[in-house]
Amino acid sequence: DDAPLLVSACLIGQPCRYDGAATPTTWVMDLVAQGRAIPFCPEIAGGLPTPRTPCELRRGKVVDRDGIDHTDAFLRGAEQGLALARLAGCAGAVLKARSPSCGLGQIYDGTFTGLLVPGNGLFAALLLAHGIPVRTELDQDRP
Ligand code: SF4
């Protein structure tokens, strides 16, 4: 299958995380090097700055550690990513685990205490809702 994958930009070393860091992951970087993946950060696409105050999901809303709601920016960025995935004909996505945008299956619980709860980030949820399969950097061996 030659269709590309959309991948979280922080996984290929782009310093787009809230703390200005990246989380480079070799097998995801290899996909890009092979021309099989397109990097994308929904939070940057939504207009958020880097670094930025960390956000978590709470009852479907995105709030930062100071209590400010950033749901609209997160949703705008997620829509941009969905549009890109469709334009490029992506077969799926490899996204950063536990992020309030990119996380899959497990995210932080909204209390900024490091506790995880079942759930998906807003971007992962949007892709799934539109039939685009998602896995994380922890799922290298999953098709
Ligand atoms: Fe990485 Fe996704 Fe967070 Fe952007 S929004 S820094 S791509 S985990």
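**Exercise 1. Helix packing**

Determine how helix H3 (residues 71–87) and helix H4 (residues 122–129) pack in this predicted model, and classify their arrangement.

Solution. Begin with the geometry: the axes of H3 and H4 lie 9 Å apart, and the helices pack at an angle of about 40°. This angle therefore makes H3 oblique to H4, since angles under 35 degrees would count as roughly parallel and those from 65 to 115 as roughly perpendicular. Finally, consider handedness: the crossing in which H3 passes H4 is right-handed.

**Exercise 2. The ligand site**

Solution. Then turn to the space itself: the ligand takes up the largest pocket.

**Exercise 3. Backbone exceptions**

Locate Pro 51 and Arg 98 in the fold, and state the backbone feature of each.

Solution. Take the proline first. Pro 51 belongs to the loop between helix H2 (42–45) and strand E3 (55–58). The peptide bond leading from Thr 50 to Pro 51 is cis, and its omega is near -5°. Now take the arginine. Arg 98 belongs to the loop between strand E5 (92–95) and strand E6 (106–108). The phi of Arg 98 is positive, near 75°, although the residue is not glycine.

Methods
Residues are numbered from 1 along each chain as its sequence is written. This is a predicted model: local features need pLDDT of at least 70, side-chain atom pairs count only at pLDDT 80 or more; totals for chains, interfaces and linings use all residues. Side-chain values use heavy atoms; hydrogens and water are left out. On a 1 Å grid over the protein atoms alone, a cavity is a set of points where a 1.4 Å probe fits but cannot get out, and a pocket is an open set with protein on both sides within 12 Å along at least five of seven lines; lining residues have an atom within 4 Å of a point. A molecule sits in a cavity or pocket if more than half of its atoms lie within 2 Å of its grid points. Axes are lines fitted to C-alpha atoms, for helices over the stretch in contact, and angles run from 0 to 180 degrees between N-to-C directions. Helices (H or I, at least four residues) and strands (E, at least two) are DSSP runs, numbered from the N terminus. Angles under 35 degrees count as roughly parallel, over 145 as roughly antiparallel, 65 to 115 as roughly perpendicular and the rest as oblique. A crossing is left-handed if the near helix is turned anticlockwise from the far one by less than a right angle, and right-handed if clockwise.
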